Amino acid sequence: MSRNALIFALLVLAALSAVPWLDSGFWLALSINIAQYAVLATAWAVFSGPTRYVSLATAAFFGIGAYTVAVLGEALPWPAVLAAAGVIGVLVSLLVGFATLRLSGVYFVVFTFGLAELIRQLVTWFEVNVTRTIGRYVFLDITQAQIYWQLLGLFGLLLILGTWLRASRLGFALRVIGEDEMVARHVGIDTARAKIALFALSALFMILTGAVMAPRWTYLDPAIAFNPTTSFQVLIMALLGGVHALLGPLLGVVPMALLFEVLSANFPNHFSILLGAVFMLVVYAVPRGVIGLLARTQRRRVA
Amino acid sequence: MSAPLLRVTGLTRAFGGLVAVNALSFGVRPGEILGLLGPNGSGKTTALNLISGALAPDAGRVELEGRLVSGLPAHRIARLGIARTFQLVRPLPAMSCTENVLAGLAFGRDAAWDGEALERAEALLALVGLGGKGHLPAEVLTYVDQKRLELARALALSPRLLLLDEWLAGLNPTELRDGIALIHSLREEGRTVLMVEHVMDAVRSLCDRCVVMNAGARIAEGPPAEVLADREVIRAYLGAEDA
């Protein structure tokens, strides 16, 4: 994204921060939902787009953020809670990064999926055996509008970082890795370090999103915080939008968030089946994402 | 005789029960083109993979200007000054030719980024005969141009030693002539090259010395005319009856 496009996007975000003054009910709730997925899907694409490593760890990081708030929310001031969530999450992501260095393709996918489950089971075990309470209440003095503004802030920050990254040597290194990891190593790229750095950066935004969203539930247990559906929803949104442009995922987030809203309101018992159908449709019909479709029509117009 | 730029000592690597490279030793002097020859399956590419760090050796040493490099990860070896091309050409397909060369420039020994890097990338593309094609995605290039591009990317690393793995294979006679001239021009610039090659015309006209391998081990070493007349070399290539 060019500098001008970035400034324009940030201005749009600033304008969108007016939503809570216009409506504090349905539209604010919908906006929070879209903003949440916008951060998650964009953060996902920042790592998975250039490297082509498909991660299903979104739920793990989102959950770490949310659960940290559930545990520490009342004990520490809010900025300290966010910082704690960030530190814990980044440590976990570095650990996972080192462990999965040599995995590629389907092994990486399966590992990241397993990770979310593993952390959920560990937290559950800890709560049952040590604290002897499963499920926690989150009573924090944070309004819906504040949640929304924090999400917009996160998204803006992510766009700034993403723009910087695209023009940076690290961003270029990741694209080379995505093209051919063997070649990347032979032109002097420390592929392990580049991948871990980006994985941690991407994870940090997922963690903070989870932390920011936690006060919205008032009641949290590991099954809610580490819900694997989150990983799949984020994945399909990013793929629908297109992962090779910074604003690509957003083009998938908006229609999908609206669709999920309609589906879960009208077919609550069949949501997973419909989600699966949508997933397949997206992969078959728009393999290169909405961004890819746009680029193709543009090329046709030129030709 | 000057001290070798690259010294390989007792290099060994096995895959299961198959010893692909067996106690291989040789040296490459600064400024020379050394040919690494041998019949198919004799371990030449494995030897290159061991030198470039794509594989780690089971035993033995690789030293670059006296510094031990075997056992280091490939990216460290690349930064220390060993660049390579691949037997099966590996461009970065969706990236432009310029970006392919930038990949070599951005992280190498004499790294460059931004404006200076673009200038150097253009110069390198022109050097290998791809001038003006910088904007094209690598995947639309012809086979020979992809090979040129790979060479430009390797040169972008400002290597002390260039490894060419059958860089001339699969070219038609005209392309082959141009290719030989291109490698010749590298020698004129004083570059040091270790090339695995089957094209004997190229070996004769380019190489100062050759090392011949068979079944993972060195069987001959010397000037091309000499080693190609060596009885054991002929036996390795053609069988005992023709030797």
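Modeller: Two strands are said to pair if DSSP finds at least two bridges between them. That criterion is applied here to a predicted model.

Biologist: How do you know that strand β6 of chain B pairs with β7(B), and is the direction parallel or antiparallel?

Modeller: Three bridges join β6 (residues 82-84) to β7(B). As at least two are required, the strands count as paired. They run parallel, and B:I82 has B:L161 as its bridge partner in β7(B).

Biologist: Why is strand β7 of chain B called mostly covered?

Modeller: A residue is buried if 20 or more other C-beta atoms lie within 10 Å of its own. In β7 (residues 161-165), five of the five residues are buried. B:L161, B:L163 and B:D165 point one way from the strand, B:L162 and B:L164 point the other way, and all are buried.

Biologist: How many residues of helix α3 of chain B are buried, and against what do they pack?

Modeller: Ten of the ten residues of α3 (residues 97-106) are buried, and the helix is accordingly described as mostly covered. Among them are B:C97, B:E99, B:N100 and B:L105. The buried residues pack against α4 (115-127) and α5 (143-155) of chain B and also against α8 of chain A.

Biologist: What does chain A contribute to the contact with chain B?

Modeller: The contact takes 15 residues from chain A and 19 residues from chain B. On the side of chain A that touches chain B, the elements giving two or more residues are α8 (169-179) and α9 (181-186) of chain A. Of these, α8(A) gives the most, with five residues. By class, this side of chain A has seven nonpolar, three polar and five charged residues.

Biologist: What order do the strands have in the open sheet of chain B, and which of them stand at the edges?

Modeller: The sheet has four strands in the order β2-β1-β4-β5, with antiparallel pairing. β2 (18-28) and β5 (67-68) of chain B each have a single partner strand, so one side of each is left without a neighbour in the sheet, and these two are the edges. Seven bridges join β1 (residues 6-15) of chain B to β2(B), where B:V28 stands opposite B:L6.

Biologist: How is chain B divided into domains, and how far apart are their centres?

Modeller: The domain assignment gives domain 1 (6-81 + 160-242) and domain 2 (93-158). Taken over C-alpha atoms, their centres are separated by 24 Å. Nine residues of domain 1 of chain B are in contact with nine residues of domain 2 of chain B. On the domain 1 side, the elements giving two or more residues are α2 (74-80) and α6 (173-188) of chain B. That side of domain 1 has five nonpolar, two polar and two charged residues.

Biologist: How many residues does the largest nonpolar core have, and what lies on either side of it in chain B?

Modeller: The core has 157 residues, and those with the most contacts inside it include A:V39, A:L151 and B:A152. Domain 1 and domain 2 of chain B both give residues to this core, so it lies between them. As for A:V39, its contacts include A:L151, A:L154 and A:F205, when residues up to four places away in sequence are not counted.

Biologist: What makes chain A as compact as a globular protein of its length?

Modeller: Chain A has 15 helices and two strands. Its radius of gyration is 19 Å, close to the 19 Å that the globule rule gives for 303 residues, so the description holds. Of the 303 residues, 43% count as buried.

Biologist: How does the radius of gyration of chain B stand against that of a compact globule with 243 residues?

Modeller: Such a globule would have a radius of gyration near 18 Å, and chain B has 18 Å, which agrees. Chain B has nine helices and ten strands, and 45% of its residues count as buried. Its C-alpha trace spans about 55 × 40 × 40 Å along the principal axes.

Technical notes
Residues are numbered from 1 along each chain as its sequence is written. Chains are lettered from A and ligands numbered from 1 in the order in which they are written. This is a predicted model: local features need pLDDT of at least 70, side-chain atom pairs count only at pLDDT 80 or more; totals for chains, interfaces and linings use all residues. A nonpolar core is a set of buried Ala, Val, Leu, Ile, Met, Phe, Trp, Tyr and Cys residues joined through C-beta atoms within 7 Å. A residue is buried if 20 or more other C-beta atoms lie within 10 Å of its own, exposed if 12 or fewer, and partly exposed in between; C-beta atoms are placed from the backbone. Domain bounds come from an automatic or database domain assignment. Two residues are in contact if their C-beta atoms, placed from the backbone, lie within 7 Å. Ala, Val, Leu, Ile, Met, Phe, Trp, Tyr, Cys and Pro count as nonpolar, Asp, Glu, Lys and Arg as charged, and the others, Gly among them, as polar. The radius of gyration is taken over C-alpha atoms; the globule rule is 2.2 Å times the number of residues to the power 0.38.
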